[in-house]
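Here's a quick briefing on the model you have open. Have a look at the fold first, then go through the notes below.

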Amino acid sequence: MEFLMNQRLLLMLAITLLLSGCSKDNIPVYLSESVDTRFTESMNWNANHPTNEINVESDDYTIFTMADCHIGTTSNLDKFLNNAHSLKPTAIIIDGDLTGGLSEDYTVFEDHFPKDYVIPSFFLVGNHDLWYNGWSEFYKRFGSSSYTFTVRTSGGTDLFICVDTGGNTLGKLQTEWLTQILQSERSAYRRCIIITHINLFRHRHTESTNLVEEELCSLLNLFTVNKVDMVITGHDHNAYAEEFGVTTYIQVDALEDGLSNAGYMKLEVKNGILGYKFVNVNE
Amino acid sequence: MMKNIFYRLLECYSLNASGGLFILLLLIAPVNLSAQPGFMIYADCAQTVISDGLYMRSAYFGNYELGDYRLNAGIQTNLINRNDINLSGYCIEALRAFKIKKTQIELKGFWLWTASSEFLKEINYGGLVSMNLNHFNMKIGTNFRTYSFRRKALRIYEIRNKENRVHEILNVMYSFSYNIKSSDCKWNAGLRLTNMDLFMINQETNPYINLNGYFKVSSRVSLFAEVWYKSAGATNLNSNYFGYLIRGGIKWNF
């Protein structure tokens with residue numbers, strides 16, 4: 001009897017750990033497409049859309065980055081967009097987990113995002129966006145999730161690389177693409193900033209999943225060797241910055257409604273020096 | 001004098017004081033009974049989405065058993081790998097076995113050094129408690145991890161000391177195994193869900209699955225094999241294939 005109780009306890013522990021990444025409102029909804037499939041579709045989209053080149057007259061510019069608004073409700077998203085409208089950053093980046101993957105969530109997001117928005121806007125897919133076959137919804141509205149854009153200033157040109165980690169891995173094709181860009185193009189730019197949804201370092205215990213160990217080490221190595229200046233991520237819902245080697249790793253707060261720390265990040269580039277500031281939308 | 005030697009060792013091997021103390025406490029516990037040395041060697045053949053083809057590694061473990069105590073030490077070498085390094089890991093473990101009622105329990109302290117490239121290394125130390133039931137084995141524990149750069153990277157990229165380390169504390173380690181036969185049988189096969197291997201510790205939210213088995217050729221020698229399926233993002237409900245690993249090896253108790 002004691003033996004059977006022990007076995008049941010072990011089984012329960014195993015199941016609890018396996019499902020530790022589920023939030024309360026989740027049910028297991030596994031992806032129907034692989035990261036390689038998404039990457040291939042992103043490349044198809046890129047082939048028909050030229051790389052976005054932003055020109056700035058001075059050597060200073062600001063980019064707003066937000067992540068994890070998880071629509072639903074849109075109070076904080078509206079605050080973010082209003083701030084962007086009044087402060088006029090050079091670009092805004094929506095770094096994944098816009099939605100919970102449902103078609104109606106995407107529609108709400110799109111309805112709140114001004115159609116005639118003049119500020120260049122860049123979207124990346126997050127893990128939540130992929131649920132319920134959410135990739136097709138993301139793709140038809142925003143297109144690629146693996147692409148580059150540049151900001152040309154009077155002092156130099158900075159390269160931004162957006163990477164799809166919605167499936168918790170870059171996958172084979174995207175890894176090759178990223179490696180090729182860094183090895184062949186990085187040296188032509190002043191600064192290199194990588195944006196992706198999944199945070200690399202795990203500075204606190206959360207239910208959210210990071211990249212597996214082998215992939216994390218491989219990326220840390222790649223970023224160091226190619227002198228990536230900054231990696232901007234979301235996913236963890238908690239602002240954090242870590243300097244590791246030549247790279248600064250940033251996590252932005254979630255913009256989700258109801259969070260006391262809800263906010264976004266201002267990337268401020270002045271004379272080629274990268275700076276950042278976390279902004280709480282509740283203050 | 002002894003204290004100085006101890007701290008010198010810690011310094012030499014980048015082992016911090018708490019990790020070193022944990023292992024030392026297990027090592028200096030009183031020992032008795034007959035001694036039994038052993039040896040284990042295995043080779044891994046693996047491929048992942050980031051590995052740029054197949055890679056192969058081998059590992060060599062020596063152990064020394066004294067009654068309820070055991071000391072393991074092992075190294076891992078790259079046989080085929082895109083990274084230009086030969087030694088990719090070494091570890092030391094101290095274990096103590098005991099029983100609570102009829103349940104076999106094992107306590108382990110470990111220290112692990114691994115290098116993923118010529119620039120990057122990782123140090124883990126921690127403790128594990130293992131519980132053996134007839135068909136089930138459960139291990140649970142914690143580890144402290146430090147990512148840091150190797151000397152070559154510090155020199156080439158002029159990395160300052162304050163930018164050289166990232167720490168993680170109290171990570172969760174676990175392993176749940178089910179074997180189709182009891183542990184004293186001549187052969188066995190089982191399924192394991194775990195976030196750790198001998199030279200790798202994943203975050204707790206990244207479990208791997210492996211099928212494993214062994215065959216006792218004699219009372220002293222056994223052959224073992226494992227097949228690992230590695231996925232990424234399972235606990236984010238976005239499961240993607242990441243890779244596989246096939247392992248074969250031999251254990252020999254002298």
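Helix 7 (residues 213–225) of chain A is the top contributor to the lining of the second largest pocket, giving eight residues. Helices (H or I, at least four residues) and strands (E, at least two) are DSSP runs, numbered from the N terminus. Keep in mind that this is a predicted model, where local features need pLDDT of at least 70, side-chain atom pairs count only at pLDDT 80 or more, and totals for chains, interfaces and linings use all residues. As for bookkeeping, residues are numbered from 1 along each chain as its sequence is written, chains are lettered from A and ligands numbered from 1 in the order in which they are written, and side-chain values use heavy atoms, with hydrogens and water left out.

**The pocket**

- The second largest pocket has a volume of about 990 Å³.
- It has 48 lining residues, and the closest to its centre are A:Glu214, A:Ser218, B:Arg82, B:Asn83 and B:Ser116.
- A pocket here is an open set of points on a 1 Å grid over the protein atoms alone, where a 1.4 Å probe fits, with protein on both sides within 12 Å along at least five of seven lines; lining residues have an atom within 4 Å of a point.
- The volume is the space filled by probe spheres set on the points, which are joined across faces, edges and corners.

**Chain A and A:Leu267**

- Chain A has seven helices and 12 strands.
- Of its 283 residues, 59% are buried (under 20% relative accessible area; exposed is over 50%, partly exposed in between, with a 1.4 Å probe and protein chains only).
- Among chain A contacts (heavy atoms within 4.5 Å) with a separation of 6 or more, 70% are between residues 24 or more positions apart.
- A:Leu267 sits in strand 11 (residues 263–270) of chain A, and it counts as buried because its relative accessibility is 0%.
- Beyond its neighbours within four places in sequence, A:Leu267 touches residues including A:Tyr61, A:Ile63, A:Phe160 and A:Met230.
- The C-alpha atoms of A:Leu267 and A:Thr65 are 7.4 Å apart, although 202 residues separate the two along the chain.

**Salt bridges**

- There are 24 salt bridges over all chains (a side-chain nitrogen of Lys or Arg within 4 Å of a carboxyl oxygen of Asp or Glu).
- B:Glu118 pairs with B:Lys152, with the closest N and O atoms 2.6 Å apart.
- That pair links distant parts of the chain, 34 residues apart: B:Glu118 is in the loop between strand 5 (103–115) and strand 6 (120–132) of chain B, and B:Lys152 is in helix 3 (residues 151–156) of chain B.
- B:Asp197 and B:Arg247 also form a salt bridge, at 2.7 Å from N to O.
- B:Asp197 is in strand 10 (residues 196–197) of chain B and B:Arg247 in strand 14 (residues 240–253) of chain B, so the pair ties together parts 50 residues apart in sequence.
- B:Arg247 has a salt bridge with B:Glu226 too, with the closest N and O atoms 3.2 Å apart, and both of these residues are buried.
- Shared partners join B:Asp44, B:Arg192, B:Asp197, B:Glu226 and B:Arg247 into one salt-bridge network.

**Around B:Val217**

- B:Val217 lies in the loop between strand 12 (208–216) and strand 13 (221–232) of chain B, and counts as partly exposed because its relative accessibility is 46%.
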